[in-house]
Amino acid sequence: LKTELHGVVGWEDHNFLGNLRDLEVTFKPGVVLYPTRLASGELVAPTQLLPEEKLAISFKQPSFIEARTEGFIKPEFNIYPILVPHYNVNPPDPITDPILGYLEPKASVGVDRLIFRRLFVKLSYTAQVESPFSYIGSSGVQLSTISLSYPELQATLNVIDNKLHPHVGFSIGNIVQYAGGIFGGTAHDIKVQPEGRVYIPLGKRITWATRATVGFILPQNWGDYIRNDLGDAPKFDANNKIIPENHDSVFEVRDLEIALFRGLYSGGPSSNRGYPVRSIGPYSFVPFLNPASVGNQFKKGAACVSAVTNAQNGSATSGPPNTCDSPVGGMSLWEASTELRIDIAGPLSIATFVDASDVSPEVLDIRLNYPHMSVGGGARYDTPVGPIRLDIGYRLDGPFDHPKDSVLDPDVRSDSYGTILKQPIAISAGIGEAF
């Protein structure tokens, strides 16, 4: 989905102005080679260069207020494109497809403390602004600047033997955010996400690890479209062009734009490893992300045609995403993972895992009958900064995996999320264990 080249320039001082104050400055300029990707086993060459950058400053003050409390300030300024998946079809047309980008000034300030060496508590306040602009073309949809303002309380109790290689113990934690209200900003909501992890030794070299989390958003001034009207498919005129009036209401666009930054998503290397990043959840036609693609695929007779026809006839269907839809954030999430970790020799170990998850557009809605299960295995190679991890997840098609979150084609199976060697798998790489 995204191929980039970037450099990193940084400066650190771990005794800034004395008293062990910590200052880090990191600047990462880069360019996205668009739309470089593998499609149907063939490499698609880049035709556009999309500049991006990340600038982050981190200042930490030890012994803030009292000896064991640390204060911090973390301003950022980022510029980046929003790239979305296109399923079952050829890659997007870099000439006709608009590419949305955002300028993001952001800053966090807060304090954290480790209590009794086990309980980590962090209280922070974050303010950010998301200002949209066009890298390429224009969707014809008027977007507004989104401002987010929220305090966050994070607490984690770790009772494990080793942070990099947990073998025995457990961890429980919770994150609570309150956005908007007296703090201002575009979005007013409450976000809660508790998580638990358990590590059980089955021998000196074998560890059974399990993780579970749920997440909830309680929206106060947004989300009605996501909860109630995702089945509103685009309509086309006689020339197979989208009728914009059908999909550019102020409330719909506002909901979908806020969901980019506040919605819940699942899938990816530290989530459900058989699925692409942020691919599990509600889907809908997003007018400011893929209007040209939908028109092009409609003319080509792609899978979304049947979904659009069914929607216009009032018969919504069920299935995984199609070419008319892009992922939008949901309001309720659950994830569960279990894996067996086996030390082989020296720094080498292997693991087998089962992951499952779901994201619902409804509030306080845990749907265990849509597990989106994947199974797989991987290898780890230990390094001083943690194990280098490579996992391969295989998606299991089941009769309950495709909820009616939007207008979807029921005949498309899990391979519509993308395949490798024509198989419904995903490859994840990273540093550190998945959980």
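## Salt bridges and a nonpolar patch

Arg-211 is buried, with a relative accessible area of 6%. That value comes from a predicted model. The residue counts as buried because 6% is under the 20% cut-off. Arg-211 also takes part in a salt bridge, with Glu-195 as its partner. In total, the model has 18 salt bridges. The points below cover three of these pairs, a network and a patch of nonpolar side chains.

**Arg-211 and Glu-195**

- The closest N and O atoms of Arg-211 and Glu-195 are 3.0 Å apart.
- Is Glu-195 buried, partly exposed or exposed? Glu-195 has a relative accessible area of 25%, so it counts as partly exposed, a class that runs between 20% and 50%.
- Side chains of opposite charge can pair when their charged atoms come close.

**Arg-273 and Glu-339**

- A second salt bridge joins the side chains of Arg-273 and Glu-339, at 2.8 Å from N to O.
- Arg-273 lies in the loop between helix H2 (250-262) and strand E14 (283-284), while Glu-339 belongs to strand E16 (residues 332-345), so the pair ties together parts that are 66 residues apart in sequence.
- Arg-273 counts as buried because its relative accessibility is 1%, under the 20% cut-off.
- Glu-339 is buried too, with a relative accessible area of 1%.

- Glu-433 forms a salt bridge with Arg-341, and their closest N and O atoms are 3.7 Å apart.
- Here again distant parts of the chain are linked: Glu-433 is in the segment after strand E20 (425-431) and Arg-341 is in strand E16, 92 residues apart.
- Both Glu-433 and Arg-341 are buried.

**The nonpolar surface patch**

- Val-159, Phe-170, Ile-172, Val-198, Ile-200, Leu-202, Trp-208 and Leu-340 make a nonpolar surface patch of about 630 Å².
- Strands E11 (169-179) and E12 each supply at least two residues of this patch.
- Ile-172, one of the patch residues, is found in strand E11.
- Ile-172 has a relative accessible area of 46%, so it is partly exposed rather than exposed, a class that needs over 50%.

Terms used
Residues are numbered from 1 along each chain as its sequence is written. This is a predicted model: local features need pLDDT of at least 70, side-chain atom pairs count only at pLDDT 80 or more; totals for chains, interfaces and linings use all residues. Side-chain values use heavy atoms; hydrogens and water are left out. A salt bridge is a side-chain nitrogen of Lys or Arg within 4 Å of a carboxyl oxygen of Asp or Glu. Buried means under 20% relative accessible area, exposed over 50%, partly exposed in between (1.4 Å probe, protein chains only). Helices (H or I, at least four residues) and strands (E, at least two) are DSSP runs, numbered from the N terminus. Patches are made of residues with over 30% relative accessible area and no salt bridge: like charges are joined within 9 Å, nonpolar side chains (Val, Leu, Ile, Met, Phe, Trp, Tyr) within 5 Å. Accessible areas come from the Shrake-Rupley method with a 1.4 Å probe; for residues, only the protein chains shown count as cover.
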